[in-house]
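Let's walk through this one as a set of quick questions. Have the sequence and the fold open as you read.

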Amino acid sequence: MSPLFCLFLILIIGVSHGSLDHVKGGKLLKIFKIENITLFYLSYILLAVMVVTLWVLIPSILLIIFLLVASYHFGKEDTQFLHNYNSHFMGILYFLKGSLVILAPLYFHFDETIAIFKLLLIDNENFYSSLSFIENNRLIDLGIILSSISSIILFIKKFTFKNFSIFFDYFSILILNYYLSPLIAFTAYFCFLHSVRHSITLIYELDNTNIKKGLLIFIKKAMPLTILTAIICLVGIYLLNFKYDFDNSIIKVIFIGLASLTFPHILLEYLLDKNEKQRT
């Protein structure tokens, strides 16, 4: 599977699960009694641009922050539909569970994962020395053990049949990373495990009586931001292609682009969730 096809899947399936952020942004503005939706778009774009700018300036620090934030995000969004309450302990469990997405490629394909990091403008020798120390001292193994324990606790906690999805996620991530390269394994996870599940939740929220109707509404509402994201990605690839080869340009756009979207997406989810709970 080429990087171009991975990008295609991420743009069509992966990015769409965040393409209703403008709808959620509208809800947040109503809570703050702000009518101008332009303020949301400007804030969202400004934060995304800020992430890209900081990545260029301090890539190793931004990568570390992104991996930490992504671990929590993946763990929470993949599990929260089973446990609809939050606590510091649950936050730790979410983080440890989601960290498997980051740790598995390092465990099974350490050198290939490092090669991707190098493509993402990371040239800090201390960063790679730290990763070598982590690998040599089997700290990645410890991280996977802790992630496994967190999955077991989440599986047992308020057990229902739906909790088996936790182990479906767990074994799927391990199998994908064992057999596939880091880029392909991440694409498969992000599109078909993480994003599809979240999109189904959004479809159900749009119309919980008619799934087909909810799907059509979701596609209609998600289309504008999905198309805009695709255009920005293509422009980014075109500009990067003057300095890097085509595949490397795509990999940069995939991961740095996702980072730039992940931060405003998570911040929006946090602010909306926090303010909606305060109103109830």
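Q: Which residue forms a salt bridge with Arg138?
A: This is a predicted model, where local features need pLDDT of at least 70, side-chain atom pairs count only at pLDDT 80 or more, and totals for chains, interfaces and linings use all residues. Residues are numbered from 1 along each chain as its sequence is written, and side-chain values use heavy atoms, with hydrogens and water left out. A salt bridge here is a side-chain nitrogen of Lys or Arg within 4 Å of a carboxyl oxygen of Asp or Glu. With the closest N and O atoms 2.8 Å apart, the partner of Arg138 is Asp141.

Q: Is Arg138 buried or exposed?
A: Buried means under 20% relative accessible area, exposed over 50%, and partly exposed in between (1.4 Å probe, protein chains only). Arg138 sits in the loop between helix 8 (125–136) and helix 9 (139–156); helices (H or I, at least four residues) are DSSP runs, numbered from the N terminus. Its relative accessibility is 54%, so Arg138 counts as exposed.

Q: What is the phi of Lys33?
A: Most residues other than glycine have a negative phi. Lys33 lies in the loop between helix 2 (21–31) and helix 3 (38–57), and is exposed at 77% relative accessible area. Although Lys33 is not a glycine, its phi is positive, at about 60°.

Q: What about Arg138: what is its phi?
A: Arg138 is also in a loop, the one between helix 8 and helix 9. Arg138 is not a glycine, yet its phi is positive, at about 55°.

Q: How many salt bridges does a search of the whole structure find?
A: Side chains of opposite charge can pair when their charged atoms come close. One of the pairs is Asp78 with Arg197, at 3.9 Å, N to O. Searching the whole structure gives a count of five.

Q: Which helices does the salt bridge between Lys97 and Asp169 tie together?
A: The side chains of Lys97 and Asp169 meet at 3.5 Å, N to O. The pair ties together parts that are 72 residues apart in sequence, because Lys97 lies in helix 5 and Asp169 in helix 10.

Q: Are Lys97 and Asp169 buried or exposed?
A: Lys97 has 6% relative accessibility, so Lys97 counts as buried. Asp169, at 1% relative accessibility, is likewise buried.

Q: What kind of pair do Tyr72 and Tyr94 make?
A: The ring centres of Tyr72 and Tyr94 are 6.4 Å apart. Their planes are at 70°, so the pair is edge-to-face.

Q: Which helices hold Tyr72 and Tyr94?
A: The two are 22 residues apart in sequence. Tyr72 is partly exposed, at 30% relative accessible area, whereas Tyr94 is buried, at 0%. Tyr72 lies in helix 4 (residues 59–77) and Tyr94 in helix 5 (residues 88–98).

Q: Which residues does Asn177 touch, not counting residues up to four places away in sequence?
A: Asn177 is in helix 10 (residues 164–179) and is buried, with a relative accessible area of 5%. Contact means heavy atoms within 4.5 Å. On that basis Asn177 touches Ala104, Pro105, Phe108, His109 and Ala185.

Q: Which residues does Tyr178 contact, leaving aside neighbours within four places in sequence?
A: Tyr178 is in helix 10 as well. C-alpha to C-alpha, Tyr178 is 28 Å from Asn124. Its contacts are Phe108 and His109.

How values were computed: Phe/Tyr/Trp six-rings, centres within 6.5 Å; stacked < 30°, edge-to-face > 60°.
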